[in-house]
Amino acid sequence: MGFVLTVGDFADGLFGEVFPDCGLISADSVKTVDAADCAVILCKSSPKINIKNALGVIFNGDTPPESLPDGVQLISVGIGAKNTVSISSRASDSITLSLNRTIHTEKGVCEPLEFPVPADENADIYEYMSAFAATLMMGG
C-alpha cells in the first residue's frame, strides 16, 4: 500500500478529517525519494530534493519549483484550468475541487471529476487541492 510524503509545511488534519486517512509521512530534510508507491507533495516551503521514482509529484502550478523530475507523473495544482487540479467553485463553507485530466493511480486510472469538500473561507486552497490529488493517486 502506498503513502503520501509531504515535503515542507503542510496543514495537519486534512487527511483523516476532510480526506480519507492514508499513510502520511511529513519530512523537511528528505534528500532523495525512490518509492514507486509514493505520492510526493512539494509544499511551498519544500527544500530541493532528488525524486528518482514516485507514483506522482504534486506541486503548485501557479508558482512551480525551479526544477521538476523527469519520468515521474507531475500533477500541478492551481487556480488556472491548465493545472491538473483546480477549484471549480468556492463558498463560505465549502470548496469544489476539480480533476481536469486523467491521472494514474495505485489502482489504475482516474478520469476527470469534481468533488465538493467542507472548508471554511480561510482554508488554504493549495493544500486542499494537493490533498485531493494525493487522495486520488492513492485510490481514495
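**Cysteines**

I began with C38 in this predicted model, and at 1% relative accessibility C38 counts as buried. Next I looked for a partner: the closest cysteine sulfur is in C22, 10 Å away, and that is too far for a bond. I then turned to C22 itself, which counts as buried because its relative accessibility, 17%, falls under the 20% cut-off. From the sulfur of C22 the closest cysteine sulfur is in C38, again 10 Å off, whereas a disulfide needs the sulfur atoms within 2.5 Å. My tally for the structure is therefore zero disulfides.

**Helix α2**

My next stop was α2, residues 125-137.

Then I asked myself how many of the 13 residues of α2 are buried. The count is twelve, so I noted the helix as mostly covered. Among the buried ones I listed I125, Y128, M129, F132, L136 and M137, and E127, S130 and T135 are on that list too.

At the start of α2, D124 places a side-chain oxygen within 2.9 Å of the backbone nitrogen of Y126. Just after the helix, I found G139 with a positive phi of about 90°.

**Largest pocket**

Here I noted about 320 Å³ of space. The lining consists of 18 residues, and nearest the centre I found L42, S46, P47, P65 and S67. Which strand gives the most to this lining? It is β4, residues 50-60, with four residues. Sorting the lining by class, I got ten nonpolar, five polar and three charged residues.

**Second largest pocket**

This one holds about 160 Å³ of space. I counted 13 lining residues, with C43, K44, N60, Y126 and E127 closest to the centre. That brought me back to α2, which supplies the largest share of the lining, three residues. I also saw that β3 (32-42), β4 and α2 each contribute at least two residues. By class, the lining divides into seven nonpolar, two polar and four charged residues.

**Looking back**

Notes: Residues numbered from 1 in each chain as written. Predicted model: local features only at pLDDT ≥ 70, side-chain atom pairs only at ≥ 80, totals over all residues. Heavy atoms only, no water. Buried < 20%, exposed > 50% of the residue type's maximum accessible area, 1.4 Å probe, protein only. Polar contact = N/O pair within 3.5 Å; in protein donor to acceptor, adjacent residues only side chain to side chain. 1 Å grid on protein atoms, 1.4 Å probe; cavity = no way out; pocket = protein on both sides within 12 Å on 5 of 7 lines; lining within 4 Å. Points joined across faces, edges and corners; volume = space filled by probe spheres on them. Nonpolar A, V, L, I, M, F, W, Y, C, P; charged D, E, K, R; others polar.
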